[in-house]
Every structure is written in C-alpha cells, then in structure tokens.
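This report walks through a single protein chain for a reader who has not seen it before. Please look over the sequence and the model before reading on.

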Amino acid sequence: MTKNQEFFRKINNAFMTGDVDTIFANISEDIVWNMVGSNALKGKDAVKKEMEPMRGFETAHQTKQIITHGKTAVIEGTMAMEEEGVHKKYAFCDIYKLDKHKDGKIIEITAYLIEVE
C-alpha cells in the first residue's frame with residue numbers, strides 16, 4: 001500500500017468513526033467540500049461546524065476500493081446507520097484533491113452519497 005493510500009484509508013476511517021480531530025488536522029484552511037445534490041461547504045470553519053456534531057458517531061462501513069494518483073484519490077464503499085430509528089444503507093464515492101503530492105492537506109472533496117436497499 002502506498003503512503004497516499006494509507007493516508008486516505010486513515011481519512012476514510014476518521015469519517016466513519018467520527019474522528020473529527022484527524023479530519024480537521026488534514027484539511028486546508030480554504031477547503032471546498034462539494035456534497036453532490038446539496039450546498040458546498042467552503043473553508044475549514046464551515047467544515048468544522050458541519051462535522052462537530054458527528055464527533056464520536058460511528059457507522060458500520062465497508063471500503064471497497066481506494067484509488068490514488070498524484071494529488072487525487074477516490075474512495076468507494078458502503079455504510080449503514082440508524083436515522084430516526086430507521087436502519088439505512090448508503091453507497092458512497094468520495095473524490096479528494098490534495099494541495100501537494102507528498103504530505104499534502106485536503107483542498108477539495110466531492111462526495112456522492114446514494115441510499116440503497
């Protein structure tokens with residue numbers, strides 16, 4: 001596994017386990033998080049505001065693949081969670097861009113999330 005694949009595995013696990021401190025430490029001040037079908041979050045403060053309620057909230061998940069190339073990565077998988085007492089399952093695909101190839105910060109995320117049966 002490459003260094004970038006290990007980095008993105010850590011980031012994906014942080015999202016799935018509510019480890020917001022790891023996420024905050026690895027995003028740039030001017031990050032843009034595009035949630036397809038919803039509004040984009042712009043800037044680290046906006047991401048912190050959105051993520052803070054998720055602190056410690058863990059979801060069951062399966063990562064199907066992590067593909068990295070240069071400053072870009074794609075993570076595909078599924079996750080399940082309880083929402084208002086209803087069990088829901090989702091498929092996701094997240095596209096990440098770093099500010100530099102080695103030891104970079106995340107500058108952009110495009111997230112696709114689709115409910116599946």
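Two residues are in contact when heavy atoms of theirs lie within 4.5 Å. The model described here is predicted. Leaving out residues up to four places away in sequence, Gln 5 touches Ile 66 and Thr 68. Gln 5 belongs to helix H1. With 21% relative accessibility, Gln 5 is partly exposed, because the buried class ends under 20%. Between the C-alpha atoms of Gln 5 and Lys 88 there are 28 Å, and along the chain the two are 83 residues apart.

Asn 4 is also placed in helix H1. Its relative accessibility is 13%, so Asn 4 counts as buried. Once neighbours within four places in sequence are set aside, the contacts of Asn 4 are Thr 68, Gly 70, Leu 98 and His 101. With Gly 70 there is a specific approach: the side chain of Asn 4 reaches the backbone oxygen of Gly 70 at 3.2 Å.

## Aromatic pairs

A pair of aromatic rings is described by two values, the distance of the centres and the angle of the planes. Across the whole structure, a search finds 3 aromatic pairs. In one of them, the ring centres of Phe 7 and Phe 8 are 4.9 Å apart and the planes meet at 80°, so this pair is edge-to-face. Phe 7 has a relative accessible area of 14% and is buried. Phe 8 is buried as well, at 0% relative accessibility.

Phe 15 and Trp 33 make another edge-to-face pair, with 5.6 Å from centre to centre and 65° between the planes. This pair links distant parts of the chain, since Phe 15 is in helix H1 (residues 3-17) and Trp 33 is in strand S1 (residues 27-35), 18 residues apart. Trp 33 counts as buried, at 8% relative accessibility. Phe 7, Phe 8 and Tyr 96 form one aromatic cluster.

## The largest pocket

How much volume does the largest pocket have? Its volume is about 590 Å³. The pocket is lined by 22 residues, and those closest to its centre are Phe 15, Trp 33, Met 54, Met 79 and Leu 113. Phe 15 and Trp 33 are thus the residues of the aromatic pair between helix H1 and strand S1.

Several elements contribute to the lining of this pocket. At least two residues each come from H1, S1, helix H3 (44-51), strand S4 (72-83), strand S5 (86-98) and strand S6 (106-116).

Thr 110 lies in strand S6 and is buried, at 15% relative accessibility. Apart from neighbours within four places in sequence, Thr 110 is in contact with Asn 34, Val 36, Cys 93, Asp 94 and Ile 95.

Which residue in the loop between S4 and S5 is described here? Glu 84 is located in that loop. Although Glu 84 is not a glycine, its phi is positive, about 55°. Glu 84 is exposed, with 85% relative accessibility. Asp 103, in the loop between S5 and S6, has a positive phi of about 55° and is not a glycine either. The relative accessible area of Asp 103 is 56%, so Asp 103 is exposed.

Key:
Residues are numbered from 1 along each chain as its sequence is written. This is a predicted model: local features need pLDDT of at least 70, side-chain atom pairs count only at pLDDT 80 or more; totals for chains, interfaces and linings use all residues. Side-chain values use heavy atoms; hydrogens and water are left out. Rings of Phe, Tyr and Trp (its six-membered ring) pair if their centres lie within 6.5 Å; planes under 30 degrees apart count as stacked, over 60 as edge-to-face and the rest as tilted. Buried means under 20% relative accessible area, exposed over 50%, partly exposed in between (1.4 Å probe, protein chains only). Helices (H or I, at least four residues) and strands (E, at least two) are DSSP runs, numbered from the N terminus. A polar contact is a pair of N or O atoms within 3.5 Å; within protein, one must be able to donate a hydrogen and the other to accept it, and residues adjacent in sequence count only if both atoms are side-chain atoms. On a 1 Å grid over the protein atoms alone, a cavity is a set of points where a 1.4 Å probe fits but cannot get out, and a pocket is an open set with protein on both sides within 12 Å along at least five of seven lines; lining residues have an atom within 4 Å of a point. Grid points are joined across faces, edges and corners, and a volume is the space filled by probe spheres set on the points.
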